[in-house]
Amino acid sequence: MTLGEYLTDRLGRILAQMTCGAAAASFLAATGTQPGVLILSILALSLVCVAAHLADFFRQRARLRELEEVMDSLDQKYLFTECVQPPRGLYERRLFDLTRRAGRAMTGAVSDAQAAQREYRGYVEQWVHEIKTPITAARLICGHLDGDPRRRLTYELDRVQAHVERALFYARAESPEQDCVIRQADLGEIVAQAIADHRTLLIQSGVRVETAGLDRCVYTDGKWASFILGQLLQNAARYRGAQPAVVLSARSLGRQVQLTVSDNGIGIPAHELPRVFDRGFTGSNGRACGGSTGMGLYLCRKLAGFLELGLDIASEEGAGTAVTLTFPAKGDLTKL
Amino acid sequence: MPKIMIVEDDAAIREELALLLDNEGYQTAAVTQFSAVSDQVRQAAPDLILLDLGLPGRDGLSLCADIRKNSRTPIIFVTSRSSTGDELRALSLGGDDYVTKPYDIPVLLARIRAVLRRSGGPAGPEALETGGLRLHLAQGTASAGDRCVELTRNELKILAHLMSHAGQIVSRADLIDALWDSQIYIDDNTLSVNMTRLRAKLEEIGLPGVIKTRRGMGYQL
């Protein structure tokens, strides 16, 4: 608060005081007060007024600074009224009470919303677990079918399952600390799991899979990492070119491990590349191939964040796409 | 024949799983009453238990702890709960493996075989033999009479699959499926290349044309 602001704010009062002073002066002049006495009285009166205003200004400014400092130092800003020095004076106390009531109402609304979200997440997870039972039964019944119908039905069941998994991980990503367990894991097993989960899709799409140098340990959550790889394999199969192949190869990078998933598919236009991790972004390929949700890579980036996993993408139209996962070194992990 | 006990509350899965395992040559026993499961386990004395974690009334984890009190029977958890935490808890309570629903049938069968092998059950055969052709799985060689030839990993798996289905027509797709089970991720073209090499090797040991091509259907040994 500057002096200018303060004066503008108090303009009405100051004008009123000046009018009163002028009225008093004219009254005194009319009743025959000596000019010397009159000027002295006006000076004295003005001095008192200016002093009072200045004192008020400095007090208010100091108080505001104090309050702003408290606010700035708080992580949870809504705790403001609980943390400031007790209010001075009746007016301030009443204002504080009002603010506190507003704050309480807001905290209540927020915690209601959080509870509703938790419930919803709980329901989604429960639903996902329940839907898995009939999918499992359907897969087993599939086993009675021969050859082609079995493969085609399994392919469709895989698609159902891929959607279900995305829903599950979407819910999990809301409160990752409940599910994410970072520990030492075998990279080969993680990759084998992701490939096994998508074998029907990969075989049906005629994708050749090559692996190299996977005999390494990484620090991550195996299930989450396997889900991320699964999204990449689905993309490799969906956006494939002629004679599709996907190569999963790992190498050490200091104490980190880098896994590259590269395909020889149709690639991503350069101007779309920066947005592929955005939620709901489908791009020209997604529109051309259909069935794209724009959720796969978005979830990958979100989950990778919790796993402290580096996620980089490079692509050339018509040549292929390579996604590089950089697994953190044990010492760099903030949550183990 | 190893006996597998199925503890699963969903009737459709229970019946289909029993049927599947029967067809695979296992004996099966299914639990339909979920009270006193550990007594039922004792009476049935299975070689392996497939235990669902989401049973009515009783948590599968505490049931596992119960069974473990007086039995070393290997247990594979089958569950739709799929977080790493769940898996760690289950394995720390004495489970031998953990398979999440919905499982792929070949994957489940492979896990069952692996756990049975680890628990010292009947091991798979070391050699396969069909009509004068002998396949030594451990050495990775095939022989006929006194002639012997070394096979690559892919060729070995292809020949093993054909020999274990001797007389039947095996489609290329089934063959690819079987190879993927062994983490050999080949496509149609690679299969053709491997098949040509395998036939040449079999010709070397005096068995030309032992793998017949059934046009439009697949291969037959």
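**View 1. The two domains of chain A.** Chain A splits into domain 1 (3-104) and domain 2 (183-332), with bounds that come from an automatic or database domain assignment. Taken over C-alpha atoms, the centres of domain 1 and domain 2 of chain A are 65 Å apart. Please keep in mind that this is a predicted model, in which local features need pLDDT of at least 70 and side-chain atom pairs count only at pLDDT 80 or more, while totals for chains, interfaces and linings use all residues.

View 2. Strands (E, at least two residues) and helices (H or I, at least four) are DSSP runs, numbered from the N terminus, and two strands pair if DSSP finds at least two bridges between them. β6(A) joins β7 (residues 320-327) of chain A in the antiparallel sense, over 7 bridges. Look for A:E316, which stands opposite A:G320 in β7(A).

**View 3. The nonpolar cores.** The largest nonpolar core has 68 residues, and those with the most contacts inside it are A:I228, A:L229, A:L233, A:L259, A:L303 and B:L159. Helix α9 (residues 222-238) of chain A gives the most to this core, with 9 residues. A second, separate core has 30 residues, among them B:I4, B:V7, B:V37 and B:L108. A core here is a set of buried Ala, Val, Leu, Ile, Met, Phe, Trp, Tyr and Cys residues joined through C-beta atoms within 7 Å. Buried residues have 20 or more other C-beta atoms within 10 Å of their own, exposed ones 12 or fewer, and partly exposed ones fall in between, with C-beta atoms placed from the backbone.

**View 4. Around B:L159.** Leaving aside its neighbours within four places in sequence, B:L159 is in contact with B:L135, B:A142, B:L151 and B:L198. Contact is counted if the C-beta atoms of two residues, placed from the backbone, lie within 7 Å.

**View 5. Where chain B meets chain A.** In this view, 30 residues of chain B are in contact with 27 residues of chain A. Two or more residues each come from α1 (11-23), α4 (84-92), α5 (105-118), α7 (172-181) and α8 (188-204) of chain B. α1(B) supplies the largest share of the side of chain B that touches chain A, 5 residues.

View 6. The peptide bond from B:K101 to B:P102 is cis, with omega near -10 degrees, and B:P102 is found in the loop between β5 (97-100) and α5 of chain B. A:Q243, in the loop between α9 and β4 of chain A, has a positive phi of about 45 degrees although it is not a glycine. A:Q243 counts as exposed because it has 11 C-beta neighbours inside 10 Å. A:E308 sits in the loop between α11 (296-307) and β6 of chain A, and its phi is also positive, near 55 degrees. With 18 C-beta neighbours inside 10 Å, A:E308 counts as partly exposed.

Technical notes:
Residues are numbered from 1 along each chain as its sequence is written. Chains are lettered from A and ligands numbered from 1 in the order in which they are written.
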